[in-house]
Amino acid sequence: MFRFLRVNMATKSCVFEEIPAEYAGLGGRGLTSTIVAREVDPLCTPLGPHNKLVFAPGLLGATNSPNGNRISVGCKSPLTEGIKESNSGGQPGGHLAKLGIMAIIVEEMATEGEWWQLEVSKDSARLVPSTVAGLNNFAAVEKLVEQYGKGCSYVSIGRAGEFKLTAASIAFTDRELRPMRHAGRGGVGAVMGSKGLKAIIINPEGGKNHPLADEAAFRDASKRFAKALMDHPVTGKGLAEYGTAVLVNILHEAGGLPTRNFTSGQFEGHENVSGERMNQLTKERGGEGAVAHGCMSGCIIRCSGLYPNKQGKLISKWPEYETLWCFGPHCGIDDLDLIAHFDHLCDDYGVDTIDVGVAIGVAMEGGGIPKGDGKAVLEAMHGISEGTALGRVIGCGTATTGRVFGVRRVPCVKGQSLPAYDPRAVKGVGVTYATTPMGADHTAGYSVTANILSCGGVVDPLKKEGQIELSRNLQIATASVDSVGLCLFTAFAILDVADALPAIVDMLNAKFGWQLTGDDVVTLGQRILSTEVDFNRRAGITEAADRLPDFFQDEELPPHNTKFDITHEELKTTFNWIK
Amino acid sequence: MSVLVKLSTTLRDCVPGYDPVAGMEVDISEHGGLSAEALAAVIGIPRTEIKIVMVNGRQSALSTVVRDGDRVAYFPAVGGG
């Protein structure tokens, strides 16, 4: 029942094919990165016909595993010019898996100016002229739902993707058919736009859960994994109550909350944009707001609450910590309602909240947008949809914006903006930013765990000792988790609860009839990273790119007044298994 | 002699009337050599609820003795990303 769907945007052919032997046993990021590495010329123009866009659910998709229905998107990134995997929640991952489609591979390009939508169902797939071209995500999905019904799930790009802006995202509908879950990073939406593909409609009818080699063993392992998640205070309770925004206050306290474009590690207005405040206002305002909401079927962590305005109408899903941070402290703004509105606009226009939010703070430093001026930010944001010059600049992300406004302090690695942890005060995540083949990305190796959260051990965030090893181990583990289709937040339980990882391994073995051990998980993670690094090397991205911008070595960050002092030579040892 | 105490998430429920913006000033002049753990007990936060203590922005052991003017922040297990 497992197959690939290969879609050619030039000829409009949509072909189901057997999974080639070399891709057997791979899912999620492992599969997207392997396909991109094998089939895409690393030297190709990312927004041209030789790039491919790959969608892949994970190995535990379409099972009763908790939190196993994420979807990975892979391609050569127009933002970093290297390999990209960006993953998302929402319903399409589970639906594709239920249809047995382990990857959709989109090739070539439609004629410039033409927009198509891909209809996928159990036994057929076809490209038809798009009925929603020119619309942003919310209006597009609303119209598609009228046309195709509530039983389907939807993948779409907004106008940012149509404009091929390099921070454009791809939206995936949640359980209530809102396009609020995104593969945000690396400009994957621009690649979809370059192909002329506006939307994908997935009809799961007739699909079913995957067969299991040993049903009883799977059931047992899945229960153990669910127990591990529920027993851990973060995955069992904390994330549902406060969302990822819970990090605002602890990063402020630790002096690692980058403020006003990375000039301080603390923000005086932190409480106003905190998870505690969001929880309180959500409860007080009621209406369409909700604490504890799952973005995809099978989620038991439920971090994606719904944030209402004063009248109780939904503004957006709970903005993630990263979003709160980049539109908040990073821009000197402490208005939670306004930031939630920016979050909604990012979802609607289809852009990465991080790369665009950070771009706005950088534009403020360069005089392009008045500092701390929410109204000016709103206007700039609307420009993304309207296609104004400023809108296109910030929609292309932080690196472009930094160049346009002549800014010295541009927080990017490999062209992708740094997320919400200052690497001078959370040095472990600095190692990840510098070395991950994805460009600066906290999720690639979330050293914040041991640096700040006392999860999976404790490593002093201000010292260099232990950071490389920490980042290495987390990057390896994350590559595996991203391949299994699990939400990365399961990692809190995996790091702290002894039975969590064995339970995942047992689920995989029970599903596929494998005999994996914990060591194999490490080997898989290393293999994926090796594949990704190799693609980047062939694309011309050398080890020289594995470094942070030099202002992190030059300037001390208050309040701890530390610099990033892990040397380039030390960073080179991160992937020590690669010659 | 006093310290500024900051509380996060559920720990705020342990202290009625806690002001999340200002935090709470706690007079420690009656207590010589008070540890972070003992300070938590003084303000009514159960030891079992505390996962992380930061004294002046640095993670510290519960046995750390707090001093006049210190900022002491308590956190339960939190995580996000």
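Predicted model: local features only at pLDDT ≥ 70, side-chain atom pairs only at ≥ 80, totals over all residues.

Author: Across the interface of domain 1 and domain 2 of chain A, 27 residue pairs are in polar contact, both residues at pLDDT 80 or more. Helix 1 (28-39), strand 4 (71-76) and strand 5 (83-88) of chain A each bring at least two residues to the domain 1 side. Helix 1 of chain A gives the most, with seven residues.

Reader: What makes up the side of domain 1 of chain A that touches domain 2 of chain A, by residue class?

Author: That side divides into twelve nonpolar, 22 polar and twelve charged residues.

Reader: Why is the pair Arg29(A) and Asp482(A) called a salt bridge?

Author: The N to O distance between their side chains is 3.0 Å. The cut-off is 4 Å between a side-chain nitrogen of Lys or Arg and a carboxyl oxygen of Asp or Glu, so the pair qualifies. The count between domain 1 and domain 2 of chain A is two salt bridges.

Reader: Which stretches of chain A are the two domains, and how far apart are their C-alpha centres?

Author: Domain 1 is 3-202, and domain 2 is 222-319 + 405-571. Their C-alpha centres lie 24 Å apart. The contact itself takes 46 residues from domain 1 of chain A and 54 from domain 2 of chain A.

Reader: How much area do domain 1 and domain 2 of chain A bury between them?

Author: About 4000 Å², with 57% of it on carbon and sulfur atoms.

Reader: And what about chain A and chain B: how much do they bury between them?

Author: Those two chains bury about 2100 Å², again with 57% on carbon and sulfur atoms. On the chain A side, Ile250(A), Glu253(A) and Glu271(A) lose the most area to chain B, together 27% of what that side buries. The contact takes 31 residues from chain A and 22 from chain B.

Reader: How do you know that Arg71(B) forms a salt bridge with Glu253(A)?

Author: Their closest N and O atoms are 2.7 Å apart. Between chain A and chain B the count is four salt bridges.

Reader: Which helix of chain A supplies the largest share of the side that touches chain B?

Author: Helix 8 of chain A, with six residues. By class, that side of chain A has 15 nonpolar, nine polar and seven charged residues.

How values were computed. Residues numbered from 1 in each chain as written. Chains lettered and ligands numbered in written order. Heavy atoms only, no water. Domains from an automatic or database assignment. Contact = heavy atoms within 4.5 Å. Buried area = accessible area lost by both parts, 1.4 Å probe. Polar contact = N/O pair within 3.5 Å; in protein donor to acceptor, adjacent residues only side chain to side chain. Helix = DSSP H or I, 4+ residues; strand = E, 2+ residues; numbered from the N terminus. Nonpolar A, V, L, I, M, F, W, Y, C, P; charged D, E, K, R; others polar.
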